[in-house]
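This report describes how the parts of a two-chain model are arranged and how they meet.

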Amino acid sequence: MSYLSIQNLKKHFGEFTALQDISLDIKEGEFVCFLGPSGCGKTTLLRAIAGLDQQSEGSIHQAGRDISQLPPDQRDFGIVFQSYALFPNLTVADNIAYGLKNSSDAKVRQRDAITQRVDELLELIGLAGANHKYPSQLSGGQQQRVALARAIATKPGLLLLDEPLSALDARVRVHLRREIKELQRTLGITTIMVTHDQEEALTMADKIVVMNNGVIEQVGTPEEIYAAPASAFVASFVGTMNFLNSFVSDTNRVQVDETYLSCDACGDMEQDTQVSVAIRPEDIRVRFNGDATNTLRASVRGFEYLGAFARAELDVDGIHQPIVADFSMNDVRDHNICCGAQMHLDIPKHRLHVFREAS
Amino acid sequence: MSSRSIAMNAVGGASRRFLHKDQWVQAAGLLIAAAFLLVAMVLPLYAILSKSVQNKAGDFVGLENFIAYASSPSLFDSVLNSLFIASLTTVIVITLALLAAYALTRSCMPFKGVIRLLMMGPIFAPSLLPAISLVYLFGNQGFLKSWLFGESIYGPIGIVISLSFWCFPHALMILITALSNTDARLYESAKALRTSGWRTFFTVTLPSIKYGLISASFVVFTLVITDFGAPKVIGGQYDVLATDIYKQVIGQQNFQMGAVVSVILLLPAMLAFAADRWVQKKQVALVTSRAQPYRAEPNRRKDVSMLALCLPIIAIVIGVLGTAVYASFVTFWPYNLSLSLNNYQFDLMDGGGWDAYFNSIEMAFYTALFGSFLIFTNAYLVEKVQGMRALRGLVHLFAMIPLAVPGLVLGLAYIFFFNAPNNPLNSLYGTMGILVICTIAHYYTVCHLTSITALKQIDKEFEAVSASLKVPFYQTFLRVTLPLCLPALLEVGIYLFVNAVNTVSAVVFLYSANTTLASVSILNMDDAGDIAPAAAMGVLLMLTCMGVKLLHWLLSRQLINNTQAWRKA
């Protein structure tokens, strides 16, 4: 039984279609990331769930209740924006208490109850004692945590995060990433986060929804998204990927220029179908012995030192398209990899992804 | 389609669901805003347009009135006169204001603050005041009459000088803003490429203030062509469009011809308005947020010559305003130069007496109070409400119209609309209420734009956050938005006050025996030959505005200290 169920959601802005036929189920307590480039519709989808932008067609159910036509103030969610949207003229305590004062529950509205809840939340976000400060006296990360506290103060069933970390600098971002995830796990609150940062999505999410051009490209765990991308778009958007134009030659072989590569995954495609064969740079190995499938000769054209590993640009015999490979520093030392070096490569066939060309 | 059905469509089209409570309140607010602007601006304008194509009996006659107008040489001359005066004044004002603004922003000359303050002086006086001063200086008994080499100040010379004087601060403000918005890195690049100062001016400075210059030119042009005070006082036999309307309506009771001249006066003002809008659109992308502000470096030769350029301007400001102040205290110019307060005994003169002064203060106070809240609330609804696109667009469009409508046209339009016997609002005619409504409408646009700008600077997600916390929008409006915009609100209030005190053009058609206004009484006293009391009243209004401005400055400082602690944090 899903907590949030979205069915056939569509959204048009005049001629422009922002969402085309989105269907999605989210389980209770799950941390879901909407991942995609800007303009892919992820924020539109979030705002439709919040009721801030009404969808053109389709329905949304939350906890068994049809909320499709409800205005935002009759839905059950808390929201945090990229800009924090803290009220600058109110203190931290007043910001957090903003929604509590309007609660329909008289017990929650009580002065003591509010003070207590505010203190509790400040404790939770590690800002105890900041009650009387103004937002501008806090750092960006602290402001974001206050915004988070304000959003969960009224104990909503759903937490929506709209690019919450994008405005922060890199170090704070990594730190806050862990904190938000931990807080979410402690509270067990169903959470949706919109982000364009794949690293953020991979580290935080239980489930990633990759979007592009108003459609969902793939839904899956971070491992699934990375290791088994469902489309060329997902493969290129998450992580780095080599793409090679090629043809299907028979059930488990493709032809790239003058070279044949064995693969696992093109069984259902007809011969001579134009395809894109993809492989991640870190999946290309230096060959020393072992099985002889997909063994290639290459020379190193460019070499880039990146600290923990090195990235080599390769000219492969029989393939006229550039290939990029990542080698660990151990490999680099053991095999003397440098600009101009000749070497043998091994491309594991179960690591090859084959995507039909959009043509 | 009538605006009412547009409004209904807008509400209906925003969503297919039931409107919930917040949206009802917002829709009602927007409808009230649209209704106010409809009654205070759109319908009166319609009335004047239809009047211009009717004969005295009220029958439709097409363009007959316009043909009659064009074939009357004396009337048509005013068109040329108006265009000539406006063009010449614009050239003079823009040249001087550019020099002054450049000196104020791009040099390190001493006393910048004082110089800037003095240069803004004319903005606090009605346009009648410099004209009266010029009469004292260069009129038949003026002590500098010989400076004119036998030419008369009564006519184009007088009009151009008074209006140049009066429009100068308006242009100065725009050009200072334009010059302050320039990216310093462009100058550093020019320097690194060893570009000469003059070449830098023509290749960097001028292009970057291009839009400011165009905008200032249109503002001055419109102010001049629609001004009525200065040509009335010092124009002599030299007719311009603005005085023609007055003469046709007040002098000859020829309302149709008044309407025709009004429509003609609308054309250049609307042209200027359209051009200004175009310029504003172009300007948006000019300065990026990453621009570095320009800081002038001390340069003795440049600073001294800039100061030397500014001194004559200041001398003229002090001279003209000082003459008016001095003349207002002189017992009987030029025969008895002893000082007295005789001229301030307004109750002994025609024109409304001290009552007129207090009426003006009352009118300005109400205009500032109601106007600022009304305009700000409307601007909030236009800027922050979700959905209801068409209705919000309509209110915004209505709010932009007043900028293109000269005061005299508006005043005359009010006569046609509110004085019509079948209008249920007829009872407003002749009251303080109509003066306040008319003045709010007259100065609506600038206040609207100021409010919109202030609102745009506030995080656009506040409304979404409060909805998610189940707090109604109006609570957030009162607790957050309004306090955040308090400085802008005060700014709007003071702008309305100063303009309401000094305006002549719109209200000259609308005051009654019980609601005479000080600015109108200046006109009437001047007409009756009581020029010294007219000067005295003008000085009084100027000092009142300066006093209120000072009060505003103190008040906003206090308010910022007391309620805006978060700003300093």
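## Domains of chain A

Domain bounds, as used here, come from an automatic or database domain assignment. The model itself is predicted. In chain A the assignment gives domain 1, residues 2-234, and domain 2, residues 240-356. The C-alpha centres of domain 1 of chain A and domain 2 of chain A are separated by 40 Å. Their contact involves 8 residues of domain 1 of chain A and 6 residues of domain 2 of chain A.

A record also bears on this chain: the unreviewed UniProt entry carries the annotation "domain: ABC transporter" for residues 4-238 of chain A.

## The interface within chain A

The size of an interface is often given as the accessible area lost when the parts come together. For domain 1 of chain A and domain 2 of chain A, the buried area is about 530 Å², with 55% contributed by carbon and sulfur atoms. Of the area that domain 1 of chain A buries against domain 2 of chain A, 77% is supplied by Tyr226(A), Pro229(A) and Ala232(A), more than by any other three residues.

Which kinds of polar interaction are found between domain 1 of chain A and domain 2 of chain A? There are 2 residue pairs in polar contact, both residues being at pLDDT 80 or more, and the count of salt bridges across this interface is 0. On the side of domain 1 of chain A that touches domain 2 of chain A, helix 8 (residues 222-227) of chain A gives the most, with 3 residues. By class, this side of domain 1 of chain A has 7 nonpolar residues, 1 polar residue and no charged residues.

## A salt bridge within chain A

The structure as a whole holds 21 salt bridges over all chains. One of them joins the side chains of Glu199(A) and Arg177(A), with an N to O distance of 3.2 Å. This pair links distant parts of the chain, 22 residues apart: Glu199(A) belongs to helix 7 (residues 198-204) of chain A and Arg177(A) to helix 6 (residues 170-187) of chain A.

## Domains of chain B

Chain B is likewise divided by assignment, with domain 1 formed by residues 33-58 and 341-569 and domain 2 by residues 72-337. The C-alpha centres of these two domains of chain B lie 23 Å apart. Their contact takes 45 residues from domain 1 of chain B and 41 residues from domain 2 of chain B.

The unreviewed UniProt entry places the annotation "domain: ABC transmembrane type-1" on residues 79-276 and 357-552 of chain B. Residues 79-276 of chain B are 76% helix and 0% strand, with end C-alpha atoms 22 Å apart. For residues 357-552 of chain B the values are 73% helix and 0% strand, with 20 Å between the end C-alpha atoms.

## The interface within chain B

Domain 1 of chain B and domain 2 of chain B bury about 3700 Å² between them, and carbon and sulfur atoms give 77% of this area. The interface has 1 salt bridge. Asp527(B) and Lys232(B) form a salt bridge in which the closest N and O atoms are 2.9 Å apart.

On the side of domain 1 of chain B that touches domain 2 of chain B, the elements giving two or more residues include helix 2 (21-52), helix 23 (518-527) and helix 24 (531-563) of chain B. Helix 24 of chain B provides the largest share, 12 residues. This side of domain 1 of chain B comprises 31 nonpolar, 9 polar and 5 charged residues.

## The interface between the chains

The contact between the chains takes 26 residues from chain B and 34 residues from chain A. About 2700 Å² is buried between chain B and chain A, 57% of it on carbon and sulfur atoms.

How many salt bridges are counted between chain B and chain A? The count is 1. Glu461(B) forms a salt bridge with Arg47(A), the closest N and O atoms lying 3.4 Å apart. Between chain B and chain A there are also 6 residue pairs in polar contact, both residues at pLDDT 80 or more. At least two residues each of the side of chain B that touches chain A come from helix 20 (462-468), helix 21 (473-484) and helix 25 (565-568) of chain B. That side of chain B divides into 13 nonpolar, 6 polar and 7 charged residues.

Technical notes
Residues numbered from 1 in each chain as written. Chains lettered and ligands numbered in written order. Predicted model: local features only at pLDDT ≥ 70, side-chain atom pairs only at ≥ 80, totals over all residues. Heavy atoms only, no water. UniProt positions renumbered as here; feature names shortened; annotations may be inferred. Contact = heavy atoms within 4.5 Å. Buried area = accessible area lost by both parts, 1.4 Å probe. Salt bridge = Lys/Arg side-chain N within 4 Å of Asp/Glu carboxyl O. Helix = DSSP H or I, 4+ residues; strand = E, 2+ residues; numbered from the N terminus. Nonpolar A, V, L, I, M, F, W, Y, C, P; charged D, E, K, R; others polar. Polar contact = N/O pair within 3.5 Å; in protein donor to acceptor, adjacent residues only side chain to side chain.
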